[in-house]
Amino acid sequence: MKQYSNVVDGNLVESTESWPVHNPATTELIGHAPVSTADQVNAAVAAAKAAQPAWAAKSDAERVEILMKLLETFSENKQYLAEWIVKEQGKPMAGPGAMFEMDAVLGWTQVPLSLEVPVEVVFEDETRRDELHRRPFGVVGAITPWNWPLMIAIWAIIPALRMGNTVVLKPSEYTTLGTLEMVRLMNEVLPPGVLNTVSGDGIVGKTLVEHKDVDKIMFTGSQATAQKIIESSSGNMARLTLECGGNDAAIMLPDADPSAMAEGLFWRAFINMGQTCACAKRLYVHEDQYEETIGVLKGLADAMPMGNGMDEGIVLGPIQNEMQFNKVNDLVEDAKSNGARIVTGGEPLDQPGYFYPITLVADIEDGARLVDEEQFGPVLPIIKYSNVEDAIASANRLDVGLGGSVWSTDIEAAASVASRMEAGTVWVNSHGTIHPMVPFGGVKTSGYGLEFGVEGLKAVSQPQVISINKPQG
Ligand code: NAD
């Protein structure tokens, strides 16, 4: 079975060490992922550093023209890359799955290339003119997770390149192959050295973060890793954008209509089997609508076809890896043993692959592990409240703050509750519906820095003031 290659300085690079990669739906071997040595990490950073001055010396319009060609690359290879997503990550081809992820790859390429970051005149009088320019950092290290592997790589790569940086990307060890294939195809368009990859686990990531020639890290992943990255970057003082996990609360206000909102809520909790940073992960429902809400969500959960994402009609796939599968199972077992009610699901499916059914857990409270810990899987705890103030307090009581949502037929009332939630984004009558024009990032331990929109372009560039003394008299 083939070992896939990293790309360094435009060349395919093999490794002496590799590990087997299996399809999470079928357990079938799909290829071998290379493990980069420390020397290979050094070579990738050296290639990025060497390529950066010429890339930055191009005009913005020239860079945009080259990067726009990637849209063609992604369109032409959409099916090929989507198949990699299905067989490596597990999300199905249909529904909000692999094709949806490829549409996001296209959207998050096009939009950052269409935005402007104008020079700002921050002060001017008859004696001086002060302009705020944006300059590239130099080499950006991008470190990505396994849930939306291609899309999240693109979130980091495109803005960084647009602003004149070069990039070394390290994909997750769980979803390396599809990402390496995408970068190989992108290198058919990009000048050598502009976009490089290294692969392996956290040791390779740490080597990249510590490298003296890495100037900025774009990280998406867990809090625990983010904290290690903060420590590892103390030597080079690389600037950090940290997009970490959350434990998003969704609050249904007492006037919400459970039937009307159920389908939206269902997908906002279970898109990609709940393995999404800004999924609804704790649902707070008023006591008057508690059983009705549980009933309509159960109806949807029981009707959604789950299976191998290559098969027609499948809209839910497996959990991506064994570690996550065990974590989800463990949280459900803990909830059961503490007396929670399993409305549907609650046991792994007896078939090959990491299949766990959509699981709704009722009669559970704040303080239970399934409520307080990020499950990152197809399980939703549904918590009853009697007073909206208590629901807001519950939503805010954890140390994470990525997203949140408020569901109601009264938009004004919902927006007012939204403004009191401690999260980087709070959606009204939706959840996790990110957009490439709209800045996105967490508060509290969900990270710092913003991605997307003009703010996202600013995040991969550094300010420089040009202060001009005007001739007098
Ligand atoms: P993870 O932190 O385990 O791994 C993320 C990446 O960091 C991987 O590439 C991994 O190899 C690398 N890594 C591990 N140790 C490292 C180290 N010491 N130094 C440098 N790199 C290291 O996260 P994961 O399990 O892949 O992803 C799931 C988490 O990501 C969840 O918590 C989820 O909520 C979060 N997430 C957040 C966002 C967001 O935008 N906020 C988006 C997607 C996922």
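Colleague: Let's begin with V198. Where is V198 found?

Modeller: Helices and strands here are DSSP runs (H or I of at least four residues for helices, E of at least two for strands), numbered from the N terminus. V198 is found in the loop between β9 (195–197) and α7 (202–210). A word on the source: this is a predicted model, in which local features need pLDDT of at least 70 and side-chain atom pairs count only at pLDDT 80 or more, while totals for chains, interfaces and linings use all residues. Residues are numbered from 1 along each chain as its sequence is written, and side-chain values use heavy atoms, with hydrogens and water left out.

Colleague: Is V198 buried or exposed?

Modeller: Buried means under 20% relative accessible area, exposed over 50%, and partly exposed in between (1.4 Å probe, protein chains only). V198 has a relative accessible area of 1%, so V198 is buried.

Colleague: And what does V198 touch?

Modeller: Contact means heavy atoms within 4.5 Å. Not counting residues up to four places away in sequence, V198 touches N6, S36, Q40, V41, A44, V168, L169, K170, P171 and V204.

Colleague: Now the helices. How do I read the packing of α4 and α5?

Modeller: Axes are lines fitted to C-alpha atoms, for helices over the stretch in contact, and angles run from 0 to 180 degrees between N-to-C directions. Angles under 35 degrees count as roughly parallel, over 145 as roughly antiparallel, 65 to 115 as roughly perpendicular and the rest as oblique. Helix α4 (residues 98–114) packs on helix α5 (residues 149–162) at about 15°, with the axes 9 Å apart, and the two are therefore roughly parallel. The contact is made by residues including W108, T109 and P112 of α4, and I154, W155 and I158 of α5. Nonpolar covers Ala, Val, Leu, Ile, Met, Phe, Trp, Tyr, Cys and Pro; charged covers Asp, Glu, Lys and Arg; the others, Gly among them, are polar. The residues of this contact of α4 with α5 divide into 13 nonpolar, 2 polar and 2 charged.

Colleague: How does α2 pack against α5?

Modeller: Helix α2 (residues 60–76) and α5 pack at about 150°, with their axes 9 Å apart, so α2 and α5 are roughly antiparallel. D60, R63, V64, L67, L70 and F74 in α2 meet I154, I158, L161 and R162 in α5. That contact of α2 with α5 has 7 nonpolar, no polar and 3 charged residues.

Colleague: What does T109 contact?

Modeller: T109 lies in helix α4 and is buried, at 0% relative accessible area. Beyond its neighbours within four places in sequence, T109 is in contact with L67, L70, L71, F74, I154 and I158. The T109 side chain also reaches the backbone oxygen of V105 at 2.7 Å.

Notes. Polar contact = N/O pair within 3.5 Å; in protein donor to acceptor, adjacent residues only side chain to side chain.
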